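Have your viewer ready and try each task before reading on.

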Amino acid sequence: MARKTKQESEKTRQGILEAAFDVFTQKGFTRTTLSDVALAAGVTRGAIYWHFKDKVDLFMALSDAIDDEAGVRPEDIRQERVQSLDDVREEILKYLAHFEARDRYAVFYDLVTHHTEYTGELQPVLDRQVSDYHRILQEIEKALDRLKSTGLVRSDLDPSRSAVTLVALIIGVIAIWLFDPGAFTQTGIVPGILDDFLEGLKP
């Protein structure tokens, strides 16, 4: 049997990831087996093990792929894009747009956040989520601290506390959306909610 080219191998890997997204989001992590993914991808279990160590490794690789696709990893936060509170507002609305559109990132976020039981097997996934959360907080804190140094936010602002409050606000909006998608739209109440918060940061 001829060996697969690098391009063919990558195509197979991407096909497995696409199938894994479909199966995981339909059945959840616990009830999904690698046989389920293999069947959906039209490959053998051996092909999956060629590319991924086990189901957790596949899940983490899928999480990476979804985050990269959406541009929402902590390293994707570009400090040069945040030069004012209006920029903060724009970046947050851009992030929340994933959830109003119910795109792949939003669907996977819902799975990971609300429909996954974090047993010992998934501890590496949970550990990375916590790490990403702390890194995002740090990036927001740095942005607010920089705006404070340039006089664009209150001189008495605590950037660390404000970063936590802002993230809690975002997570709360997302939680309501996922629970009740028709509760409100991004073009409706959300900008006003953000404006109310950001107004309190101004000098």
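**Exercise 1.** Classify Phe99 and Tyr105 as buried or exposed, then work out which kind of ring pair they make in this predicted model.

*Solution.* Start with accessibility: both Phe99 and Tyr105 are buried. Next, take the ring geometry. The centres of the two rings, Phe99 and Tyr105, lie 5.8 Å apart, with the planes at 75 degrees. Planes over 60 degrees apart count as edge-to-face, so Phe99 and Tyr105 form an edge-to-face pair.

**Exercise 2.** How many aromatic pairs are there, and which helices do Phe24 and Phe59 belong to?

*Solution.* The count comes to ten aromatic pairs. For Phe24 and Phe59, the ring centres are 5.1 Å apart and the planes stand at 90 degrees, so this pair is edge-to-face. Now place the two residues: Phe24 is in helix H1 and Phe59 in helix H4, so their contact ties together parts 35 residues apart in sequence. Both Phe24 and Phe59 are buried. Finally, widen the view: ring pairs join Phe21, Phe24, Phe29, Phe59 and Phe108 into a cluster.

**Exercise 3.** Find which charged side chains sit over the rings of Phe29 and Phe21.

*Solution.* Over the ring of Phe29 you will find the charged end of Lys55, 4.2 Å from the ring centre. Over the ring of Phe21 sits the charged end of Arg104, 4.4 Å from the centre.

**Exercise 4.** Trace the salt-bridge network that includes Arg104.

*Solution.* A search of the whole structure gives ten salt bridges. One of them pairs Glu18 with Arg104, at 3.3 Å from N to O. Glu18 is in helix H1 (residues 6-27) and Arg104 in helix H6 (residues 104-114), so this bridge ties together parts that are 86 residues apart in sequence. Another joins Arg104 to Glu69 at 3.1 Å, N to O. Here helix H6 is linked to helix H4 (residues 55-70), across 35 residues.

Arg154 is partly exposed at 25%, while Asp156 counts as exposed at 54%. To finish the trace, shared partners join Glu18, Glu69 and Arg104 into one network.

**Exercise 5.** Which residues make up the nonpolar surface patch that contains Ile171?

*Solution.* The patch consists of Tyr133, Val164 and Ile171, with about 240 Å² of accessible area together. Ile171 lies in helix H8 (residues 159-179) and is partly exposed, at 40% relative accessible area.

Methods:
Residues numbered from 1 in each chain as written. Predicted model: local features only at pLDDT ≥ 70, side-chain atom pairs only at ≥ 80, totals over all residues. Heavy atoms only, no water. Salt bridge = Lys/Arg side-chain N within 4 Å of Asp/Glu carboxyl O. Helix = DSSP H or I, 4+ residues; strand = E, 2+ residues; numbered from the N terminus. Buried < 20%, exposed > 50% of the residue type's maximum accessible area, 1.4 Å probe, protein only. Patch = residues over 30% accessible without salt bridge, like charges linked within 9 Å, V, L, I, M, F, W, Y side chains within 5 Å. Areas by Shrake-Rupley, 256 points an atom, 1.4 Å probe, with all protein chains shown as cover. Phe/Tyr/Trp six-rings, centres within 6.5 Å; stacked < 30°, edge-to-face > 60°. Lys NZ or Arg CZ within 6 Å of the ring centre and 35° of its normal.
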